[in-house]
Amino acid sequence: MKLNQYRKKSPWILHYNAGGCNGCDIEILACLGPKYDIERFGMINSGNPKQADVMLITGPVTKRSRERLVDVYSQMPEPKVVVACGSCTCTGGVFRGMYNCEGGVDQYIPVDVYVPGCGCRPEQIIAGVVEALKKLEEKTKEMEKSVRLDVAPVESDEQTNRRDIAAPINNGGKPTLFG
Amino acid sequence: MNNTVVQILLIVLAPVLGGLIYGLERKVKARMQRRIGPPLLQPFYDFLKFADKRKMIVHSTHAFLGIVHFISLWFAVAVLIMGGDFILIIFLHLLSTAVIILAGFSTRSIFSHLGANRSAISILAYEPVLVLIAISAYMLTGSFDVSALYASEMPVLFKMPLAFIALLLILPVKLKKSPFDVGDAHQEVVGGVELEYSGIFYEAVYTAKWLDYIFCYLLVFLFGGANIWLGLLLVALTFIYINALDNSTARVNYKQMLRFCLWVALPIAFVNLILTMFNVL
């Protein structure tokens with residue numbers, strides 16, 4: 001029995017509003033409600049970054065919120081994926097070029113899936129999260145891969161090592177270094 | 001002999017049974033809100049996922065206390081299943097809660113501190129009632145051993161019905177269910193004491209939650225006495241009651257919770273103690 005197949009069955013969601021207008025937030029909450037009910041895929045809106053897998057971000061990242069955004073992102077343990085919900089989050093939207101924000105969330109943290117729309121529909125959010133789960137699977141596999149160095153071992157690097165110092169004993173008393 | 005085998009099996013499988021109860025509860029909760037709900041085995045999927053996540057610990061004592069919380073709770077459940085001393089069971093459970101409160105205070109997160117504070121207040125709310133129920137059981141059977149209650153021919157429910165009512169009133173506090181879920185309040189303190197756990201160490205706290213279900217429903221099962229079917233019926237009714245209450249009420253604040261438990265549940269348990277003492281029922 002492969003236990004790995006169950007890891008994508010319980011993605012816990014962390015929802016972060018980076019200065020949005022609440023339009024996309026309402027759509028995310030609608031996903032959790034009775035009509036769309038993403039809890040049937042095992043998703044819970046856990047407000048806790050330390051236990052979450054998927055980070056849903058809404059809103060253009062304002063100057064006030066970007067420090068917290070990076071802080072919350074760095075508190076999530078690997079593997080993690082980020083879904084940018086809404087036009088503002090993807091590109092900056094109507095707020096692009098304003099004094100208090102720059103274009104989009106991907107200038108601060110790596111984004112895996114972009115969900116467009118103002119505000120993005122619940123169906124789109126669900127599709128985006130399903131895409132994100134595939135990315136999560138890839139990332140987990142990448143994490144589990146064993147690392148092997150392709151570089152050939154170094155033969156000599158012209159450094160003094162202990163073998164050379166001990167050479168008088170090994171070479172039958174013939175000194176090579178330190179006379 | 002057969003009985004001992006069943007007991008050991010129950011103790012070993014207690015977390016699994018608790019996980020099934022938790023899965024069923026999430027399903028029932030979803031159906032009460034007209035949702036489809038997660039699959040029955042969802043808690044186990046969560047369990048397997050948390051085993052895969054990278055571990056981030058605050059400090060080693062914090063992680064260790066989480067595991068001690070799980071183990072001491074398992075001990076409490078084991079003593080309850082084996083029919084040991086009622087007072088010992090209550091204090092083992094208290095120990096496990098005290099350990100997790102200590103873990104909550106050992107971090108610098110303010111939410112963790114708030115959750116630990118509220119857990120301590122919850123103890124103040126339910127612990128006196130539990131002790132009074134234990135003393136009532138002593139008055140009834142003449143021994144603090146739970147096995148005397150298991151063996152009681154006349155169901156304990158008919159001997160001390162008021163104790164059962166008091167237990168029903170404090171069960172939401174112990175299980176951290178609405179309206180008395182101040183310790184766990186997801187929207188306010190984001191889970192309280194379990195906030196700083198992640199990865200495999202959160203698993204210990206998460207599984208301890210399942211063991212808590214087993215502990216509470218076993219306390220309900222005690223009231224069936226030697227009649228197993230009555231005990232199971234009581235457990236099923238309590239399950240429906242807890243979930244209906246959880247879905248239909250809003251959270252009260254901790255002062256209201258404390259006032260309710262100490263002014264309503266505690267006097268009921270006390271009256272029950274007096275009635276049992278003079279053998280009225």
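**Briefing: helix packing and chain contact**

In chain A, Glu27(A), Ile28(A), Ala30(A) and Cys31(A) of α1(A) meet Pro122(A), Ile125(A) and Ile126(A) of α4(A); two residues are in contact if their C-beta atoms, placed from the backbone, lie within 7 Å. This is a predicted model, in which local features need pLDDT of at least 70, side-chain atom pairs count only at pLDDT 80 or more, and totals for chains, interfaces and linings use all residues. Residues are numbered from 1 along each chain as its sequence is written, while chains are lettered from A and ligands numbered from 1 in the order in which they are written.

- By class, the contact of α1(A) with α4(A) has six nonpolar residues, no polar and one charged (Ala, Val, Leu, Ile, Met, Phe, Trp, Tyr, Cys and Pro count as nonpolar, Asp, Glu, Lys and Arg as charged, and the others, Gly among them, as polar).
- The axes of helix α1 (residues 23-32) and helix α4 (residues 122-144) of chain A come within 9 Å and cross at roughly 75 degrees; axes are lines fitted to C-alpha atoms, for helices over the stretch in contact, and angles run from 0 to 180 degrees between N-to-C directions.
- α1(A) and α4(A) are therefore roughly perpendicular to each other (65 to 115 degrees).

**Chain A overall**
- Chain A has six helices and five strands, which are DSSP runs (helices H or I, at least four residues; strands E, at least two) numbered from the N terminus.
- Along the sequence, the pattern of chain A is β-α-β-β-α-β-α-β-α-α-α.

**Contact between the chains**
- Chain A gives 17 residues to the contact and chain B gives 25 residues.
- Helix α2 (residues 42-52) of chain B supplies the largest share of the side of chain B that touches chain A, six residues.

Technical notes:
Angles under 35 degrees count as roughly parallel, over 145 as roughly antiparallel, 65 to 115 as roughly perpendicular and the rest as oblique.
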